Amino acid sequence: MKKSILFSFCIMASLCWTSCEKEPNATQETAETSEDIALAQNMLQTTEEEVNLLLETRGGGNENCPIVTFTPDATSFPRTVTIDYGTEGCPGLHGYIRKGMIQIEISDSMSIPGASRTKTSMDFSIDEVSILGTKTLIYTGLNDDQQKVWNRSIVDAQLLFPGGEEVSWNAEQTITKIEGQNTAVLLDDVFQITGNSSGINRQGNPFASSIAAPLIKPRNCRWPVSGTREAMVNDLSRSLDYGDGNCDRNATVTWSNGFSRDVLLRRW
């Protein structure tokens, strides 16, 4: 009888140990997946804002880096724009070091509904993270609040890290300019982002994600300042909350059982 009780206890202890071993790993992976999604959003969004800034200022007035070329010229449509940061790279918006090239195909003035910009990365990197893929931005016009609205498709985007890890990402998003409509100052623009995405995280596992509460992204801040993103990986769900409006790296990951953990959005 004692042997039977002891045997049962050992089995239960073994199951408990296995469960306890798996749970931290699963918890860590779901947190890292949320951070990977946030990183992909951040890298691609800041690239978009950098490109927009250069196009709106016809190259930004910087004679050395990047070199911005318009073909056939800066006023004709359709036109091709090449942004060349060179092999040494140069700092841009928010201090990121960019290298390589971005090519943009512009169908018409982006003040005309239906006009599009398609951006393709060519040996392009930010802070040594290679970024591949194509993004298409289509201007859909003004909403009922007279705010500009764009639809963005991100196709086969990849982040390739120096250590060999990678994240892949596809997304369909709607971007609304909610502040800065009537000023010539570009850095006072604030954007609202909604939509869905999917991809593969650094561990090689598929994920799906949706923006549950709109992300609010000022152009003059490196990260979204508020909003919530939901993610699902390995049948586990969690949310990433960007905060209450402050421009900082602080975010909170919350699991479906209510457990939460504060995280710092990482450089990469």
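Visitor: Why is Lys 99 called partly exposed?

Guide: Buried means under 20% relative accessible area, exposed means over 50%, and partly exposed is in between (1.4 Å probe, protein chains only). Lys 99 has 22% relative accessibility, so it counts as partly exposed. Keep in mind that this is a predicted model: local features need pLDDT of at least 70, side-chain atom pairs count only at pLDDT 80 or more, and totals for chains, interfaces and linings use all residues. Residues are numbered from 1 along each chain as its sequence is written, and side-chain values use heavy atoms, with hydrogens and water left out.

Visitor: What makes the contact between Glu 128 and Lys 99 a salt bridge?

Guide: The rule wants a side-chain nitrogen of Lys or Arg within 4 Å of a carboxyl oxygen of Asp or Glu. For Glu 128 and Lys 99 the N to O distance is 3.0 Å, so the pair passes.

Visitor: Which parts of the chain does that pair tie together?

Guide: Glu 128 is in the loop between S4 and S5, while Lys 99 belongs to strand S3 (residues 97-106), so parts 29 residues apart in sequence are tied together. Those element names are DSSP runs numbered from the N terminus: helices are H or I with at least four residues, strands are E with at least two. As for Glu 128, its relative accessibility is 45%, so it counts as partly exposed.

Visitor: Which residues do salt bridges with shared partners join into one network?

Guide: That would be Glu 48, Lys 119, Lys 135 and Arg 152.

Visitor: How do you know that Lys 119 and Glu 48 form a salt bridge?

Guide: Their N to O distance is 3.3 Å, which falls within the 4 Å limit. Lys 119 sits in strand S4 (residues 116-126) and Glu 48 in helix H1 (residues 2-56), so this bridge ties together parts 71 residues apart in sequence.

Visitor: And what about Glu 48 and Lys 135: how far apart are the closest N and O atoms?

Guide: They are 3.7 Å apart, and the pair is a salt bridge. Lys 135 is in strand S5 (residues 129-142) and Glu 48 in helix H1, so here the parts tied together are 87 residues apart in sequence.

Visitor: How many salt bridges does the rule give?

Guide: The count comes to 11.

Visitor: Now the backbone. What joins Thr 71 and Pro 72?

Guide: A cis peptide bond, with omega about 5°. Pro 72 is in the loop between strand S1 (67-71) and strand S2 (79-91). Another cis bond joins Phe 77 and Pro 78, with omega about -10°, and Pro 78 is also in the loop between S1 and S2.

Visitor: Last topic, rings. Why is the Trp 255 and Phe 259 pair called what it is?

Guide: Rings of Phe, Tyr and Trp (its six-membered ring) pair if their centres lie within 6.5 Å; planes under 30 degrees apart are stacked, over 60 edge-to-face, and the rest tilted. The whole structure has 4 aromatic pairs. In Trp 255 and Phe 259 the centres are 5.2 Å apart and the planes at 45°, so the pair is tilted.

Visitor: How do you know that Arg 202 lies over the face of Phe 161?

Guide: A charge sits over a ring if NZ of Lys or CZ of Arg is within 6 Å of the ring centre and within 35 degrees of the ring normal. Arg 202 is 4.1 Å from the ring centre of Phe 161, and the charged end of Arg 222 is 4.6 Å from that of Tyr 96.
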